[in-house]
Amino acid sequence: MEPRSAPHNTVWSFPFTPQDWEHTPAAVQAYVHTLHDSLTQLRERVEVLEARLTQNSTTSSRPPSADSPYKKPRQRTSTTTPQKAGGKPGHPGHRQAFLPPTTVHALKPERCACGHTTFAVTTLYYTHQVIELPPMALEVTHWVLHQSWCPACGGWTQAHVPAEHTSGYGPRFSALIGELAGTYGNGRRMVQTFCASVLQVPISLGAIQKVLDRVTQAIDPYYVAIATQARQSAVNSIDETSWFCRHTLHWLWVMASERMAFYMIHPRRSKEAFAALIDDWAGILVSDGYGVYQNWVQARQTCVAHLIRTARSLAERQNAELAACGAWALAELQRLCHMATAPPTGGEWQGWYARLCKFIGQYHDRHDDAGQFARRLLREMDSLWVFLAQHGVEPTNNRAERALRCGVPWRKRSLGTASDKGNRWVERILSLKETCRLHARATYAVLVDAVSSFFHGQPPDLSWMTKGMSPSAHPR
């Protein structure tokens, strides 16, 4: 066996001299080479695993709620005096809105500080408003049913409760139950406690569930209208998160536009689920790098924030080359994201594009995380800057991620749902809640109208969903 050269190192780090190495038997040299290569691979593997352990919401796709409470973000150090919490000088104030008064008390001064009780001029200088709840007195109606005997046929005829009152709970009460359980995500027992404590209404858990079943039916026309409007939007942000139904993994999907938010619970995170969500929609997609989204045949804007977090993760690696790669990519991607608010000039864009091409070319053929990231940027090249060419497109998928936030606490609080009926309730109330927020509309008022229309067998008012919609919200 021929002698082998010493392991390739820029600095000799072995506990023997190069001369001793040259006199080492070839078999021992081969064994040392094998050990050295294995050690190098193990070090690289340990670095990758340590990088995973240190990941947080700023360096991965994890939500902030998954961050350790014991690792708080570093506070910014400043040589100036720390600022107090709250609004700063020049910040526009938000005064208490004056509501129509039910009672007005006029107060006039009785005596001046000097002792005089006669005044020449009296003017209004301030109005102090006090808001108070009236005593809770519910409207309780007893429908006393009678039956009458007919002497002609000898039969009894009974009166019947009007159809709009057969449920036993009126529209406002039913809407309040839906608001507490759906909009605010309270459990059935919490709703039961509220009714007994605040309203002095004893109600069983089964009765609460029946009320919610009726509310689900009442808001179904809204759900259909929201789905229709969302699938007609020119731009949609789509995302998904895990959900559980009967302790089985499902997925909560959302399609969010500027004015609509459509939710769907599906057993799969797949191409079929994506197709069920969008139906025949063919607009501009804003999404993360999930493989199903990358196959979108229309224009797609990839979430630059996800790429920034990956680059930041590389920048924090111990390996100097990987850290340099991550720092370079992080700076360029942040510049790209800032172009959404400060469009670049022709020269600025050409310079940025040239630097991106240089970055990809330099790291593309590497077999480490830097090469993987460079190849990912190359695949996403056509989806990086769609927001610069298309109106209404954002560089990040924050719209869909914000829409999912109202579903995540529900999942953590109740561990999902226990039936398909529960899935339908979650889909409909979340869609209505988020759409009302986007329209700056009170959810409770919409629920009252929905339940009232349902009880009377009439279609609800859906016109507010299309009012004030921008041209970008319609198909091009």
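User: Is Cys 325 buried or exposed?
Analyst: Cys 325 is buried in this predicted model. Its relative accessible area is 0%.

User: And Cys 357, what is its relative accessible area?
Analyst: For Cys 357 the value is 34%, so this residue counts as partly exposed.

User: Remind me, what is a disulfide?
Analyst: A covalent bond that links the sulfur atoms of two cysteines.

User: Switching to the sheet. In what order do the strands come?
Analyst: The order is β5-β4-β3-β6-β7. These five strands make an open sheet, and their pairing is mixed.

User: Which strands stand at the edges?
Analyst: β5, residues 261-266, and β7, residues 300-302. Each has a single partner strand, so one side of each has no neighbour in the sheet.

User: What does the twist average?
Analyst: From one strand to the next, the average is 25°.

User: How do β3 and β6 run, parallel or antiparallel?
Analyst: They run parallel. Three bridges join β3, residues 235-245, to β6, residues 284-287.

User: Which residue in β6 stands opposite Val 235?
Analyst: Ile 284 is opposite Val 235.

User: What about helices? Where does α6 lie?
Analyst: Helix α6, residues 220-230, lies across β3, β4 and β5. Its direction is at about 105° to β5.

User: And which strands does α14 touch?
Analyst: Helix α14, residues 407-414, packs on the sheet and touches β3 and β4. The angle between the directions of α14 and β3 is about 0°.

Definitions and conventions:
Residues are numbered from 1 along each chain as its sequence is written. This is a predicted model: local features need pLDDT of at least 70, side-chain atom pairs count only at pLDDT 80 or more; totals for chains, interfaces and linings use all residues. Side-chain values use heavy atoms; hydrogens and water are left out. Two strands pair if DSSP finds at least two bridges between them. Helices (H or I, at least four residues) and strands (E, at least two) are DSSP runs, numbered from the N terminus. Axes are lines fitted to C-alpha atoms, for helices over the stretch in contact, and angles run from 0 to 180 degrees between N-to-C directions. Contact means heavy atoms within 4.5 Å. Buried means under 20% relative accessible area, exposed over 50%, partly exposed in between (1.4 Å probe, protein chains only).
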